Amino acid sequence: MSNGNGNSRPVGVVGVGYVGLVTAACFADLGHDVVCLDVKPERIEALRAGSVPIYEPGVDRLLARNRARLRFTLELDELLDACGIAFVCVDTPSTHSGDADLSRVRAVVDSLPETGDRLILVMKSTVPVGTGEKLREDLDARGLERVGYVSNPEFLREGRAVADFMEPDRIVIGAFAPADGRAVADLYADLGAPVISTDVASAEMIKYASNAFLATKISFVNEIANVCEEVGADVGVVAQGMGLDARIGPHFLRPGIGYGGSCFPKDVKALKQLAGNSGYHFQLLTSVIEVNDLQKRRVVGKLERHLGPLRGKRIALLGLAFKADTDDMREASSLILSARLRSEGATVVGYDPVAMGNAADLLGDDVELAGSMLEAVTGADAAVIVTEWGEFRQICTRAVRDVMRTPLVVDGRNLLDPGQARAAGFAYESVGRPPATAAR
Ligand SMILES: NC(=O)c1ccc[n+]([C@@H]2O[C@H](COP(=O)([O-])OP(=O)(O)OC[C@H]3O[C@@H](n4cnc5c(N)ncnc54)[C@H](O)[C@@H]3O)[C@@H](O)[C@H]2O)c1
């Protein structure tokens, strides 16, 4: 079993998507040999050939630097023969009911052979509270007591995942057997981060409660922004003034068009469902979800205020990924916005600096895809900043104004200075910053 110095058994990683690949690259960089398993042959072939199948800053550098320590395979046996500890990093998307879909997690656990060496299975995938307990019972029922089970939820943010892994605020480890928890904690020893050692259910809950709280902060500040629009206050200053209160803190107080991505929407829904399935109605989360849905739709109202009915209008969506510095489009605001705009009869053209491959798969039939910001806004009646990519800060130029049919920018991320946008000849809308403030 590995002890953190790289001289002992390799670490296994099952599922090399955003979380698994970052986990593998970072453990390799900490000196561990790592065996990575996935079910997608094209993903494993790409990684073997030295190319990185996802966009996540810094991962390519870590993978290149640690090639000798990393092995990629499609065969579970190869991982199990080599590794004493295996991190499960498979996806756990939402089902139609809002519960987490655990089919990939179950596929991994069910495929463990009845015989073999001792193994510690570490659940990094986000799974509902109680999952570890059920999986433990299933393992025991199959005579797999030799397989230890540890919950080690992941908190990394896409776009900053390497730094988040290497400098975590905390490492949460929930174990049935304390020795298994200690073996997992040892792998992280060099990071020097605070470790919360607890039971499996509490570890699982820490992940859901954290994401639900952050989503609540976002929906809260978005509602404050909406009230600011009504009463003539500036949410930027309001959030700054709130954030300086140490009891509140400055993080996650940026208003916008609502949260998206592969985690917040599904995890908030899953916690709400988990509570409901256990007989408790989580009223606050119901509102958090509703506010988030409505926030995306407010963009349509702002466009209509300037353009009237949107039928026949051409709207450019700038930024298709769910946030900047990733190519991930799962539950991205662009998906909802493009569908809403199309149902109003608008033509939608989209552009993203890195997510065009995923955009072609998800939006290709419905949205015209442009090769640059300038191409996207050419002939457009409005440009909507959906994702806070740095290059969109440069939108208010003469070149852009000249090619747009109507120089209207709806800034869903409060990326631009309202005064400068207007001075450059654009009609400008943002979130929670009333025209009176902008004109000053
Ligand atoms: N993406 C994030 O920002 C983030 C942050 C924290 C936690 N999480 C959680 O981590 C988990 C993984 O998320 P992700 O974004 O990395 O997902 P992902 O979809 O990017 O990657 C999942 C990978 O697992 C592979 N896989 C699926 N079934 C498999 C199996 N049976 N055996 C081997 N590989 C298999 C898939 O092919 C894919 O490559 C989820 O539970 C998610 O909620 C994600």
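Helices here are DSSP runs of H or I with at least four residues, strands are DSSP runs of E with at least two, and both are numbered from the N terminus. With that in hand, look at Phe252, which sits in the loop between helix H10 (235-243) and helix H11 (264-277). Phe252 has a positive phi of about 60° although it is not a glycine. Its relative accessible area is 29%, so Phe252 counts as partly exposed (buried is under 20%, exposed is over 50%, and partly exposed is in between, with a 1.4 Å probe and protein chains only).

Before going on, a word on the model. It is a predicted one, where local features need pLDDT of at least 70 and side-chain atom pairs count only at pLDDT 80 or more, while totals for chains, interfaces and linings use all residues. Residues are numbered from 1 along each chain as its sequence is written, and side-chain values use heavy atoms, with hydrogens and water left out.

Asp325 is another non-glycine with a positive phi, of about 65°. You'll find Asp325 in the loop between strand E9 (314-318) and helix H13 (333-343), and at 35% relative accessible area it is partly exposed.

Now step back to the overall layout. The protein splits into domain 1 (11-198) and domain 2 (213-439), with bounds that come from an automatic or database domain assignment. The C-alpha centres of domain 1 and domain 2 lie 33 Å apart. Where they meet, domain 1 puts in 17 residues and domain 2 puts in 18 residues, contact meaning heavy atoms within 4.5 Å. The size of an interface is often given as the accessible area lost when the parts come together. For domain 1 and domain 2 the buried area is about 1,400 Å², and carbon and sulfur atoms give 49% of it (this is the accessible area, with a 1.4 Å probe, that two parts lose on being put together, summed over both). On the domain 1 side, Tyr18, Tyr55 and Glu158 supply 39% of the area buried against domain 2, more than any other three residues.

There is one salt bridge between domain 1 and domain 2. A salt bridge here is a side-chain nitrogen of Lys or Arg within 4 Å of a carboxyl oxygen of Asp or Glu. Glu158 turns up again in a salt bridge with Arg330, at 3.8 Å from N to O.

Next, the inside. A nonpolar core is a set of buried Ala, Val, Leu, Ile, Met, Phe, Trp, Tyr and Cys residues joined through side-chain atoms within 4.5 Å. The largest one has 43 residues, and those with the most contacts inside it are Phe27, Val34, Leu70, Phe87, Phe165, Val184 and Tyr188. Helix H1 (residues 18-29) gives the most to this core, with eight residues. Zoom in on Phe165 and, leaving aside residues up to four places away in sequence, you'll see it touching Val22, Thr23, Cys26, Phe27, Leu30, Lys124, Glu154, Tyr188 and Leu191. A second, separate core of 40 residues includes Val105, Ile218, Val268 and Leu285.

Helix H8 (residues 178-187) has Asp180, Gly181, Ala183, Val184, Ala185 and Leu187 as its buried residues. Their cover includes H1 along with strands E1 (11-14), E4 (85-88), E5 (119-123), E6 (147-151) and E7 (171-175).

What about the cysteines? The structure holds zero disulfides, a disulfide being a pair of cysteine sulfur atoms within 2.5 Å. Take Cys83: its closest cysteine sulfur, in Cys36, is 9.0 Å away, too far for a bond. Cys83 is buried at 1% relative accessibility, whereas Cys396 is partly exposed at 21%.

Back to charges. Side chains of opposite charge can pair when their charged atoms come close. The salt bridge count comes to 25. One of them joins Asp29 and Arg65, at 2.8 Å from N to O. Asp29 lies in helix H1 and Arg65 in helix H3 (residues 59-65), so the pair ties together parts that are 36 residues apart in sequence. Another links Asp164 and Arg157, whose closest N and O atoms are 2.7 Å apart; Asp164 is buried at 11% relative accessibility, while Arg157 is partly exposed at 36%.
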